[in-house]
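Please have the structure open while reading.

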Amino acid sequence: MYDFDATADVLLMRPQATAAMQQTDETAIEAVLVGAALAGDRDGFGRLYNLYAPLVHGILLARVPRAEVDDLVQDIFLHAFKKLHTLREATAFGPWIAMIARNRAVDFHRRSRATVEITDDVGGRNTSDSRAAEILEMIRNLPEAYRETLVLRLVEGMTGPEIAVRTGLTPASVRVNLHRGMKLLRQKLGFSEGS
Amino acid sequence: MNDDYLWDKSGEPDPQIQELEEILAPLRYQPKPLQLPNDVRRKYFRLLAIAATVLIALLAAGVWLKVRKQHTIPPQEAKSVVPSELHKEPEIVKNTDLSSKPIVRKRIRKKTFSQRERQEAREAKEQVLLALRVASEKLKLAQRRTQGPSLNQIKNQHKVG
């Protein structure tokens with residue numbers, strides 16, 4: 001157990017490790033961390049949280065109002081902590097938590113529709129912030145297949161291969177979604193294709 | 001348009017994508033500590049409370065049984081003991097096995113209790129019964145605490161996934 005933890009430590013705590021190596025070993029680290037968390041290691045789950053919080057944040061940001069995202073991220077990880085024993089494959093933590101996040105976003109809209117529609121238009125923002133909110137709104141209005149991938153790439157700064165590994169989508173699908181989504185976004189922003 | 005930069009940030013950076021990345025950077029995830037529920041310690045405390053209660057109950061039951069056993073010896077049996085037998089030498093039974101030592105059987109004297117001793121024993125019994133009742137109440141309380149959250153709490157939980 002100590003050997004596995006040490007491996008996870010080394011790979012997680014060193015950002016200088018190459019991206020390719022991280023992608024290859026990510027599923028193995030994920031499995032080790034899930035195993036540790038299931039054995040009662042809270043630090044193990046903390047590392048899973050550090051690893052997957054940007055993914056969950058991005059998925060939520062593409063679907064729910066910005067003000068709700070942080071609380072929902074915490075809620076989703078608390079739910080995952082309680083229900084971790086229901087995860088069938090330890091290597092599928094990413095797709096599993098991504099699915100929980102998507103379902104939670106749907107649940108949020110179902111509930112908020114019955115009460116009050118919450119919007120992101122809160123006053124007192126500076127210009128760059130409002131520009132960011134404006135572009136985010138444009139991304140949210142894109143077809144569902146593209147918006148999540150674009151937010152993960154442009155907002156969370158993940159690469160295409162990272163998105164594929166963490167969401168469980170095929171690299172080809174992610175590449176197509178990024179390419180087509182970016183094309184639509186450029187059109188909406190009035191950017192020329194060739195520039 | 002540089003597709004490689006969009007895909008894995010390799011190759012020549014695309015200025016439009018870079019501009020979008022800069023604008024959207026403030027929306028990026030800001031690391032925050034995860035607050036996990038600290039219910040493990042409470043769980044152990046409950047288990048410890050149950051174990052302690054069971055131990056007290058067992059001890060009390062043991063003491064009570066001991067006192068009861070002493071109390072139930074009929075006093076008239078002492079009358080049947082012939083005084084000459086009490087002063088007899090211990091009976092030696094020769095063992096057919098030569099390798100082992102002879103077995104010495106000792107007669108156990110049966111003790112008789114006086115009226116005062118019986119009264120004391122009764123009082124002790126009452127005390128043990130009282131202790132058992134207290135232990136039983138504690139056990140019930142511990143069971144009630146370990147039965148988990150109330151129905152209202154269960155109803156208020158959010159359904160996710």
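In this predicted model, α8(A) is largely enclosed by the rest of the structure, because seven of its eight residues are buried. A residue is counted as buried when 20 or more other C-beta atoms lie within 10 Å of its own. In α8(A) the buried residues are A:G160, A:E162, A:I163, A:A164, A:V165, A:R166 and A:T167. The residue that follows α8(A) is A:G168, which has a positive phi, near 85°.

The largest nonpolar core holds 55 residues. The members that touch the most other members are A:V56, A:L60, A:I76, A:I97, A:A101 and A:L150. The element that gives the most to this core is α3(A), with ten residues. For A:V56, if neighbours within four places in sequence are left aside, the contacts are A:V73, A:I76, A:I97 and A:A101.

Next comes the interface. Contacts between the two chains involve 40 residues of chain A and 21 residues of chain B. On the chain A side, at least two residues each come from α3, α4, α5, α6, α8 and α9. The helix α8 (160–167), described above as largely enclosed, is therefore also among the elements that supply residues to the side touching chain B. By residue class, the side of chain A that touches chain B has 16 nonpolar, twelve polar and twelve charged residues.

α6(A) packs against α2(B), residues 15–24 of chain B, at an angle of about 115°, and the axes are 8 Å apart. The residues making this contact are listed by helix below.

| Helix | Residues in the contact |
|---|---|
| α6(A) | A:S128, A:R131, A:A132, A:I135, A:L136 |
| α2(B) | B:L20, B:I23, B:L24 |

Which classes do the residues of the contact of α6(A) with α2(B) divide into? Six are nonpolar, one is polar and one is charged.

Chain B itself has seven helices and two strands. Of the 161 residues of chain B, 6% count as buried. Among contacts in chain B between residues at least 6 apart in sequence, 60% join residues at least 24 apart.

Technical notes
Residues are numbered from 1 along each chain as its sequence is written. Chains are lettered from A and ligands numbered from 1 in the order in which they are written. This is a predicted model: local features need pLDDT of at least 70, side-chain atom pairs count only at pLDDT 80 or more; totals for chains, interfaces and linings use all residues. Two residues are in contact if their C-beta atoms, placed from the backbone, lie within 7 Å. Helices (H or I, at least four residues) and strands (E, at least two) are DSSP runs, numbered from the N terminus. Ala, Val, Leu, Ile, Met, Phe, Trp, Tyr, Cys and Pro count as nonpolar, Asp, Glu, Lys and Arg as charged, and the others, Gly among them, as polar. A residue is buried if 20 or more other C-beta atoms lie within 10 Å of its own, exposed if 12 or fewer, and partly exposed in between; C-beta atoms are placed from the backbone. A nonpolar core is a set of buried Ala, Val, Leu, Ile, Met, Phe, Trp, Tyr and Cys residues joined through C-beta atoms within 7 Å. Axes are lines fitted to C-alpha atoms, for helices over the stretch in contact, and angles run from 0 to 180 degrees between N-to-C directions.
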